[in-house]
Amino acid sequence: MLAALSKHYDRIVLDTPPVISVTDAQIISSRADATILIVPYGIAQKAAVIDAKVLLQKVNVNIIGVVMNRVPTTAQSNYYYDGYYN
């Protein structure tokens with residue numbers, strides 16, 4: 001299916017269930033050219049995000065970035081950066 005669609009479209013976006021919940025994300029991501037990990041602000045724990053990354057790396061997924069969604073937009077919110085580059 002992806003091969004047929006790629007003949008007609010430059011970009012194909014696939015949405016999968018959470019990586020840790022089921023293996024669907026690993027299977028689908030392994031067939032994609034690139035993967036962006038979506039992390040919900042205030043919900044996902046750092047250990048869970050690292051576990052998801054490790055699971056995807058086990059099947060040679062090309063992780064090109066991370067997007068954090070559900071970030072509060074109120075002026076009272078405190079934003080900080082805590083991470084590493086590997």
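This is a predicted model: local features need pLDDT of at least 70, side-chain atom pairs count only at pLDDT 80 or more; totals for chains, interfaces and linings use all residues.
**A chat about the core, a patch and a helix**

Biologist: Where does L14 lie?
Modeller: L14 is in the loop between α1 (2-6) and α2 (24-30).

Biologist: And which residues form the nonpolar patch on the surface?
Modeller: That patch is formed by Y9, I12, L14, I27 and I28, and together they have about 420 Å² of accessible area.

Biologist: Switching to T35: buried or exposed?
Modeller: T35 is buried, as its relative accessible area is 10% and the cut-off for buried is under 20%. T35 lies in strand β1, residues 35-40.

Biologist: What does T35 touch?
Modeller: Leaving out residues up to four places away in sequence, T35 touches S29, L56, V61, N62, I63, I64 and G65.

Biologist: Nice. Which residues make up the largest nonpolar core?
Modeller: There are seven: V19, A25, L37, V39, A52, L56 and V61. Both β1 and α3 (46-58) supply at least two residues each to this core.

Biologist: What about V39, what does that touch?
Modeller: Its contacts are A44, V49, V66, V67, M68 and N69, again not counting residues up to four places away in sequence.

Biologist: Back to α3. How far apart are its end C-alpha atoms?
Modeller: They are 19 Å apart, which agrees with the 18 Å that the 13 residues of α3 should span at 1.5 Å a residue.

Biologist: And what happens just after α3?
Modeller: There, N60 takes a positive phi of about 60°.

Key: Residues are numbered from 1 along each chain as its sequence is written. Side-chain values use heavy atoms; hydrogens and water are left out. Patches are made of residues with over 30% relative accessible area and no salt bridge: like charges are joined within 9 Å, nonpolar side chains (Val, Leu, Ile, Met, Phe, Trp, Tyr) within 5 Å. Accessible areas come from the Shrake-Rupley method with a 1.4 Å probe; for residues, only the protein chains shown count as cover. A salt bridge is a side-chain nitrogen of Lys or Arg within 4 Å of a carboxyl oxygen of Asp or Glu. Helices (H or I, at least four residues) and strands (E, at least two) are DSSP runs, numbered from the N terminus. Buried means under 20% relative accessible area, exposed over 50%, partly exposed in between (1.4 Å probe, protein chains only). Contact means heavy atoms within 4.5 Å. A nonpolar core is a set of buried Ala, Val, Leu, Ile, Met, Phe, Trp, Tyr and Cys residues joined through side-chain atoms within 4.5 Å. The expected span of a helix is 1.5 Å times one less than its number of residues.
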